[in-house]
Amino acid sequence: SPHSPHSPHSPRSRTAWTWSGPVPSELGQLTALSYLDISKNALTGTLPSEFGNLKRIDNGLLCHTNSLVGTIPSELGNMPKVANWMVLNTNALSSTIPTELGKLTKLTYHLQADSNSLSGAIPTELGRMTKLSDKLSLSSNLLCSTIPTQVMALSSRMVEWSVTTGNSLGSECKTDPINTGSDGHGSGGSIDPRTTAAVAVSMVVLAAAALSFFLLRPWCNCLNSALD
């Protein structure tokens, strides 16, 4: 199969220590980088949205095999020169796959986000990666719905296509009508905090009125008796 001269899974020169703790957002200030590999460490927390500032990266971004959580930043779609790898697998990333990843139209070798907790439908926009010819791996997540026709079309030229295994593709995506909107990001169906506050105030007013009635009722009875 075709591979770049430096495969993301081949032995590389590494330092002796292992990084741990959150990923520094300051890495996003290294705007001259053409390659960033923070894989196979003990990194925690979220992927910084500042990675979207690394617009000169053309080789790849490798963040796999850590303990990263949270969403895949939509800002990763701001790396228009990435040509070899976008490798995010084997973490604990959640929520939906951002449609912005479809902007990585120069990506040729690997797009990997398998072995996470990604949910929702596969974005149709991933079908724009028409140069991707080696590996697309989204397996072992919580993905649902049908595979978009545009994405399915990529399988015919792929050396390794790993999408369906360990997902719920073909089944309807389940959404929470209260907390999740139509876009799957919790925006459309959430309760407006102002509405909640207004209801709370109304309840307090009603409670005060009821209390006043019961406290004043004996005095009203006494007054009525005196008048009689």
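**Figure 1. The side chains of Glu-160 and Lys-135 form a salt bridge, with 3.6 Å from N to O.** A salt bridge is defined here as a side-chain nitrogen of Lys or Arg within 4 Å of a carboxyl oxygen of Asp or Glu, and the structure has one by this rule. The pair connects distant parts of the chain, since Glu-160 belongs to strand S12 (residues 160–162) and Lys-135 to strand S10 (residues 135–137), 25 residues apart. Strands (E, at least two residues) and helices (H or I, at least four) are DSSP runs, numbered from the N terminus. The model is predicted: local features need pLDDT of at least 70 and side-chain atom pairs count only at pLDDT 80 or more, while totals for chains, interfaces and linings use all residues. Residues are numbered from 1 along each chain as its sequence is written, and side-chain values use heavy atoms, leaving out hydrogens and water.

**Figure 2. Glu-160 and Lys-135 are shown with their accessibility.** Glu-160 is partly exposed at 39% relative accessibility, whereas Lys-135 is buried at 14%. Buried means under 20% relative accessible area, exposed over 50%, and partly exposed in between (1.4 Å probe, protein chains only).

**Figure 3. Cys-144 and Cys-173 are joined by a disulfide, with their sulfur atoms 1.9 Å apart.** A disulfide is a pair of cysteine sulfur atoms within 2.5 Å, and the structure holds one. The link of Cys-144 and Cys-173 is right-handed, with 110 degrees about the S-S bond.
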